[in-house]
Structures are given as structure tokens and as C-alpha cells.
Amino acid sequence: MPEICPKCGLPKEICACDILDKEEVRKIKVYATKKRFRKLVTIIEGLDGERLEQTAKELKQKLACGGTVKDGVIILQGNHTQKMKAMLKAQNYPEESITVIYGLN
Ligand SMILES: [Zn+2]
């Protein structure tokens, strides 16, 4: 008996649910760098457009730091990589989609 997908009811071999799920989960990348900005900043890449501004606003508020959104990327002043996974999780971003690179880039 072929295994049936509980989501779409099709046999697993031909169902595309896994692929679709993966595409929905955006990969978020967090790292600290000094390179482009001359001072230490935390970069958050891969947030979706609608929530980008709101997330940036909340992070700035909670961290009490300056920051900006540029070209779809959040740039926060200072190194906040240690806190970022918990903070993004608190804003309902799935943990498995968040990659934090600790240490300076
Ligand atoms: Zn399916």
C-alpha cells in the first residue's frame, strides 16, 4: 500500500506538499558585521516584505537601539546576535528557519 499524504490525500510519491512547505518557510540569516558600515551592526536577512518594517520596529524598541531597513534587510546598531533567535521566535518566526552566525563576519 502506498503511503498517503495526510494533507492532500495523494500518494506520497506524487504529492508536492513537502516542497511547497519548504518554499513557504523563508530562510532568515542573522549575523554581525563591521565591514560595510564601519561600525558594528547586526544584519537580519530574509524576512518577508510585509512584516519587515514591523519586525524592525519591534526589535529596535526591545533592544533600545538604533536601526534601519534597507533593501529588504534589517540593520541594527550593535551586536545582538545572541538574543536574536529568541526575539525572532517571540515574533512567530519558526526557529528552524533562523540561522544565526555568531562571531564577527
Ligand atoms: Zn501532499
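Helices (H or I, at least four residues) and strands (E, at least two) are taken here as DSSP runs, numbered from the N terminus. The model is a predicted one, so local features need pLDDT of at least 70, side-chain atom pairs count only at pLDDT 80 or more, and totals for chains, interfaces and linings use all residues. Residues are numbered from 1 along each chain as its sequence is written.

On that basis the chain has three helices and five strands, and reading along the sequence gives the pattern α-β-β-α-β-β-α-β. The overall outline comes next. The C-alpha atoms fill a box of roughly 60 × 25 × 25 Å along the principal axes. The radius of gyration, taken over C-alpha atoms, is 17 Å, whereas a compact globule of 105 residues would come out near 13 Å; the globule rule here is 2.2 Å times the number of residues to the power 0.38. Buried residues make up 17% of the 105 residues, where buried stands for 20 or more other C-beta atoms within 10 Å of a residue's own, exposed for 12 or fewer, and partly exposed for anything in between, with C-beta atoms placed from the backbone. As for contacts (C-beta atoms, placed from the backbone, within 7 Å), residues 24 or more positions apart account for 43% of those with a separation of 6 or more.

The five strands form an open sheet with mixed pairing, in the order S3-S4-S2-S1-S5; strands pair if DSSP finds at least two bridges between them. Strand S3 (67-70) and S5 sit at the edges, each pairing on one side only. On average, and with direction ignored, neighbouring strands are turned by 15 degrees against each other. Axes are lines fitted to C-alpha atoms, for helices over the stretch in contact, and angles run from 0 to 180 degrees between N-to-C directions.

Strand by strand, S3 and S4 run antiparallel and are joined by four bridges, with Val-69 opposite Ile-74 in S4. Helix H2 (residues 49-63) packs on the sheet here, touching S3 and S4, and its direction makes about 10 degrees with that of S4. S1 pairs with S2 in the antiparallel sense over five bridges, and Thr-33 stands opposite Val-41 in S2. With S5, S1 pairs in the parallel sense, again over five bridges, and Ile-28 has Ile-98 as its bridge partner. In a regular strand the side chains alternate between the two faces of the sheet. S1 has Ile-28, Val-30 and Ala-32 on a covered face and Lys-29, Tyr-31 and Thr-33 on an uncovered one.

Helix H3 (residues 81-90) buries Thr-81, Met-84 and Leu-88. Seen down the H3 axis, these buried residues fall within an arc of 20 degrees, so they line one face of the helix; the arc is that of the directions from the helix axis to the C-beta atoms. An α-helix has 3.6 residues a turn, so residues three or four places apart point the same way. The face turned away carries the exposed Gln-82, Ala-86, Lys-89 and Ala-90. Cover for the buried residues of H3 includes strands S1 (28-33), S2 (41-45) and S5 (98-104). H3 itself lies across S1, S2 and S5, running at about 170 degrees to S5.

What, then, sits in the largest nonpolar core? A nonpolar core is a set of buried Ala, Val, Leu, Ile, Met, Phe, Trp, Tyr and Cys residues joined through C-beta atoms within 7 Å. The largest one has 14 residues, and those with the most contacts inside it are Ile-28, Val-30, Ile-44, Ile-74, Leu-88 and Ile-98. S1, S2, strand S4 (73-77) and H3 each give two or more residues to this core. Leaving aside neighbours within four places in sequence, Ile-98 is in contact with Ile-28, Val-30, Lys-85, Leu-88 and Tyr-93.

Some loop residues deserve a look too. Arg-26 is in the loop between helix H1 (17-24) and S1, and counts as partly exposed because 13 C-beta neighbours lie inside 10 Å. Beyond its neighbours within four places in sequence, Arg-26 is in contact with Gly-46, Asp-48 and Ser-97. Arg-26 and Pro-94 are 68 residues apart in sequence but 9.2 Å apart in space, C-alpha to C-alpha. Asp-71, in the loop between S3 and S4, has a positive phi near 50 degrees and is exposed, with 6 other C-beta atoms within 10 Å. Asn-92, in the loop between H3 and S5, has a positive phi near 70 degrees and counts as exposed with 8 C-beta neighbours inside 10 Å.

Note on methods: Two residues are in contact if their C-beta atoms, placed from the backbone, lie within 7 Å.
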